[in-house]
Amino acid sequence: MIGTMLQAAGPRLTPQTMAAGVQKNPVIPGNISTPSRGLNGDWSWYNDMRLVYWDSTKPSPVNDKPGTYVDVTPGKRYLPGQYPQTTFVRPKA
């Protein structure tokens, strides 16, 4: 987020140019490279979430070594107030 804000500020780095520059960036919910300021105005990194669990034996898609997060509801992200009222049980290996 800091890198995005610094780059968006341009050659004159001030709090005002950072804010103005970031506000010109598109809002992409769930994209970790874009502050999602448009969802609730709190300037948090992102306001949605996904359900995951850690699998210490499954190969990582990043480096093919054991250990990765597994999406419980693949491709689904939840905004505040939309988090499911369900208990998810981690599958047995």
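## A tour of a predicted chain

Leu6 touches Leu13 and Met18, once its neighbours within four places in sequence are set aside; contact here means heavy atoms within 4.5 Å. Before we go on, a word on the ground rules: this is a predicted model, where local features need pLDDT of at least 70, side-chain atom pairs count only at pLDDT 80 or more, and totals for chains, interfaces and linings use all residues. Residues are numbered from 1 along each chain as its sequence is written, and side-chain values use heavy atoms, with hydrogens and water left out.

**The overall layout**

The chain has three helices and two strands, arranged along the sequence as α-α-α-β-β. These elements are DSSP runs numbered from the N terminus, with helices being H or I of at least four residues and strands being E of at least two. Of the 93 residues, 26% count as buried. Buried stands for under 20% relative accessible area, exposed for over 50%, and partly exposed for anything in between, with a 1.4 Å probe and protein chains only. The accessible surface of the chain is about 6800 Å², and 57% of that belongs to carbon and sulfur atoms; such areas come from the Shrake-Rupley method with a 1.4 Å probe, and for residues only the protein chains shown count as cover. Among contacts with a separation of 6 or more, 28% are between residues 24 or more positions apart.

Let us return to Leu6, which is found in helix H1. Ile2 has its place in that helix too, which spans residues 2–9. Which residues make the nonpolar surface patch of about 290 Å²? They are Ile2, Leu6 and Leu13. A patch is built from residues with over 30% relative accessible area and no salt bridge; like charges are joined within 9 Å, and nonpolar side chains (Val, Leu, Ile, Met, Phe, Trp, Tyr) within 5 Å. Ile2 counts as exposed at 56% relative accessibility, while Leu6 is partly exposed at 39%. Leu6 also has a C-alpha atom 8.8 Å from that of Gly21, a residue 15 places away along the chain.

**The hairpin**

Strand S1 (residues 52–59) and strand S2 (residues 66–71) run antiparallel and are joined by five bridges. Two strands are said to pair if DSSP finds at least two bridges between them. Tyr53 has Val70 in S2 as its bridge partner, and Asp55 stands opposite Thr68 in S2. In a regular strand the side chains alternate between the two faces of the sheet.

S1 and S2 form a hairpin with six residues between them. In the loop between the two strands lies Asp64, which has a positive phi of about 65° although it is not a glycine. Most residues other than glycine have a negative phi. Asp64 counts as exposed, at 60% relative accessibility.

**Side chains that link the strands**

The chain holds one aromatic pair. Trp54 and Tyr69 have ring centres 4.9 Å apart and planes at 70°, so the pair is edge-to-face. Trp54 lies in S1 and Tyr69 in S2, so the pair ties together parts that are 15 residues apart in sequence. The rule takes the rings of Phe, Tyr and Trp (its six-membered ring) as paired if their centres lie within 6.5 Å; planes under 30 degrees apart count as stacked, over 60 as edge-to-face and the rest as tilted.

There is also one salt bridge, meaning a side-chain nitrogen of Lys or Arg within 4 Å of a carboxyl oxygen of Asp or Glu. Arg50 and Asp71 form this salt bridge, with their closest N and O atoms 3.5 Å apart. The pair links distant parts of the chain, 21 residues apart: Arg50 sits in the loop between helix H3 (37–40) and S1, and Asp71 in strand S2.

How open are these side chains to solvent-sized probes? The table gives their relative accessible areas.

| Residue | Relative accessible area | Class |
|---|---|---|
| Trp54 | 42% | partly exposed |
| Tyr69 | 54% | exposed |
| Arg50 | 38% | partly exposed |
| Asp71 | 22% | partly exposed |

One more residue belongs in this part of the story. Val72, in the segment after S2, is partly exposed at 30% relative accessibility. Val72 and Arg50 are 22 residues apart in sequence, with 8.1 Å between their C-alpha atoms.
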